[in-house]
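Subject: Structure for your review

Dear colleague,

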Amino acid sequence: MDLVVFLPLFIILGAFMFFASRRQKKAMQATIDLHESLTVGDRVHTTSGLKGTIVGITDDYVDLEIAPGVVTTWMKLAIRDRIEDLDDDDDAADDDETFESQSGAVELTDRPTPKTDSN
C-alpha cells in the first residue's frame, strides 16, 4: 500500500532523469561534432575565454594563433565554440566606435609640459 503512494513520485523522478540524460547526450554529441569539424583558419573561443585562429590540428591538439606571430598549443577539449563571421564584423565595428570616441577626448594641449633645469 505504501508503494502506491510513492509511485507517482518515482514516475516523475524517472522521467526527469530520462530527459536530463537525453539533454546531456545531445550536448556531448554537439561538442564532439564541433571538435571533429574544426579546420585550419577557423576562429574559435576556448573554455577560458581566449579567442584565436586555428593554424594547425592534430588528433588531440590544436595550435591557435592568439596574436600575430604568437602560436599556442591547446587540447581540442578546450575549444568551446566556433566564432561566426557575423560576430567578427560586430566586434570590429564596436572597436572602431570606441577608438573614435577615445581619440577625440584627449588633446595634446592638455598634457603637462616637462620642466627643464637650466643649471
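A residue is called buried here when its relative accessible area is under 20%, exposed when that value is over 50%, and partly exposed in between. By that criterion, 14% of the 119 residues of the protein count as buried. Please bear in mind that this is a predicted model.

Overall architecture. The protein contains two helices and five strands, and along the sequence they follow the order α-β-β-β-β-β-α. Its accessible surface is about 9900 Å², with 60% of this belonging to carbon and sulfur atoms. As for the contacts between residues at least 6 apart in sequence, 36% join residues at least 24 apart.

Nonpolar groups. In soluble globular proteins, nonpolar side chains tend to be buried together. Here the largest nonpolar core comprises seven residues, namely Leu-34, Leu-38, Val-44, Ile-54, Val-62, Leu-64 and Ile-79. One of them, Leu-34, is in contact with Ile-79, Arg-80, Asp-81 and Arg-82, its neighbours within four places in sequence being left aside. There is also a nonpolar patch on the surface, formed by Leu-3, Val-5, Phe-6, Leu-9 and Phe-10. Together these five residues have about 550 Å² of accessible area.

Salt bridges. Side chains of opposite charge can pair when their charged atoms come close. A search of the whole structure returns two salt bridges.

In one, Asp-42 pairs with Arg-82, and the closest N and O atoms are 3.2 Å apart. This pair links distant parts of the chain: Asp-42 is in the loop between H1 and strand S1 (43-46), whereas Arg-82 is in strand S5 (residues 79-82), 40 residues apart. Asp-42 has a relative accessible area of 14% and is therefore buried, the cut-off being under 20%. Arg-82, at 28% relative accessibility, counts as partly exposed.

In the other, Arg-80 pairs with Asp-81, the closest N and O atoms being 4.0 Å apart. Arg-80 counts as partly exposed, at 45% relative accessibility, and Asp-81 is partly exposed as well, with a relative accessible area of 29%.

With kind regards

How values were computed:
Residues are numbered from 1 along each chain as its sequence is written. This is a predicted model: local features need pLDDT of at least 70, side-chain atom pairs count only at pLDDT 80 or more; totals for chains, interfaces and linings use all residues. Side-chain values use heavy atoms; hydrogens and water are left out. Helices (H or I, at least four residues) and strands (E, at least two) are DSSP runs, numbered from the N terminus. Buried means under 20% relative accessible area, exposed over 50%, partly exposed in between (1.4 Å probe, protein chains only). Contact means heavy atoms within 4.5 Å. Accessible areas come from the Shrake-Rupley method with a 1.4 Å probe; for residues, only the protein chains shown count as cover. A nonpolar core is a set of buried Ala, Val, Leu, Ile, Met, Phe, Trp, Tyr and Cys residues joined through side-chain atoms within 4.5 Å. Patches are made of residues with over 30% relative accessible area and no salt bridge: like charges are joined within 9 Å, nonpolar side chains (Val, Leu, Ile, Met, Phe, Trp, Tyr) within 5 Å. A salt bridge is a side-chain nitrogen of Lys or Arg within 4 Å of a carboxyl oxygen of Asp or Glu.
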